[in-house]
Amino acid sequence: MWIRIRRFVMHNILHADDPPHPLALGVAIGLFVTFTPTIGLQMLLVMFLAWALRANKLVGLPIVWLSNPATFVPIYLPCYQVGRLLLGSEPKGRDWWHGLQHPPTGFLNKTEFYWTRIWEIIGPLTVGCLVVASIVAVLGYCLAYSVIYTYRMKRFGAITPP
């Protein structure tokens with residue numbers, strides 16, 4: 001796996017024909033979308049945002065693959081916790097989760113029951129995801145830009161390695 005990651009970074013990012021800014025912006029867009037609860041639309045979102053912001057479109061696509069069924073909990077649980085803290089909402093206890101197993105009877109009652117329960121989670125999740133995604137994207141942009149710029153300067157002899 002590390003060999004594939006290294007190959008991707010070396011060939012698709014560091015040796016791409018784009019200047020450092022569009023490449024780093026593509027990385028930042030990929031990271032931002034990875035941390036948003038837009039599962040199923042992430043690749044389309046990366047392509048649209050990269051097009052709209054004139055970033056490299058191909059760099060951000062593999063990054064969104066970080067969010068997959070195996071990584072949902074490690075990515076979205078901390079985001080939910082951040083959103084919950086920012087919004088000042090109470091954590092959901094066992095009674096809340098147990099209550100999901102016993103909805104009221106009737107189609108409309110069940111629909112309303114689950115709809116309100118979903119929004120109790122979606123609000124903090126969305127806020128937390130946007131905050132965490134913004135921070136990760138800015139850090140990712142700075143790191144990617146620095147690495148690309150330094151690598152290219154060393155490659156062309158402008159900076160001598162220590």
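Colleague: What is the orientation of α2 and α7 to each other?

Modeller: In general, two packed helices are described by the angle between their axes and the distance between the axes. In this predicted model, α2 (residues 20–34) and α7 (residues 107–155) pack at about 150 degrees, their axes being 8 Å apart. The two helices are therefore roughly antiparallel (angles over 145 degrees; under 35 counts as roughly parallel, 65 to 115 as roughly perpendicular, and the rest as oblique). Axes here are lines fitted to C-alpha atoms over the stretch in contact, with angles from 0 to 180 degrees between N-to-C directions. Helices are DSSP runs (H or I, at least four residues), numbered from the N terminus.

Colleague: Which residues of α2 and α7 make the contact?

Modeller: Contact means heavy atoms within 4.5 Å. On the α2 side, Pro20, His21, Leu23, Ala24, Leu25, Val27, Ala28, Leu31 and Phe32 take part. The residues of α7 include Leu130, Ala133, Val136, Ala137, Gly140, Tyr141 and Arg152. By class, this contact has 17 nonpolar, three polar and one charged residues (nonpolar: Ala, Val, Leu, Ile, Met, Phe, Trp, Tyr, Cys and Pro; charged: Asp, Glu, Lys and Arg; polar: the others, Gly among them).

Colleague: What angle do α5 and α7 make?

Modeller: Helix α5 (residues 72–87) packs against α7 at about 105 degrees, with 6 Å between the axes. That angle makes α5 roughly perpendicular to α7. Tyr76, Cys79, Tyr80 and Val82 are among the α5 residues that meet α7, and Ile121, Gly123, Pro124 and Leu125 are among their counterparts in α7. The classes in the contact of α5 with α7 are 13 nonpolar, three polar and one charged.

Colleague: How many degrees separate the axes of α2 and α3, and within what distance do they come?

Modeller: The axes of α2 and α3 (residues 42–53) cross at roughly 145 degrees and come within 9 Å. From α2, Leu25, Ile29, Gly30, Val33 and Thr34 make the contact, while α3 contributes Gln42, Leu45, Val46, Leu49, Ala50 and Leu53. This contact of α2 with α3 has eight nonpolar and three polar residues, but no charged ones.

Colleague: What conventions apply to the model and its numbering?

Modeller: Residues are numbered from 1 along each chain as its sequence is written, and side-chain values use heavy atoms, without hydrogens and water. In this predicted model, local features need pLDDT of at least 70 and side-chain atom pairs count only at pLDDT 80 or more, whereas totals for chains, interfaces and linings use all residues.
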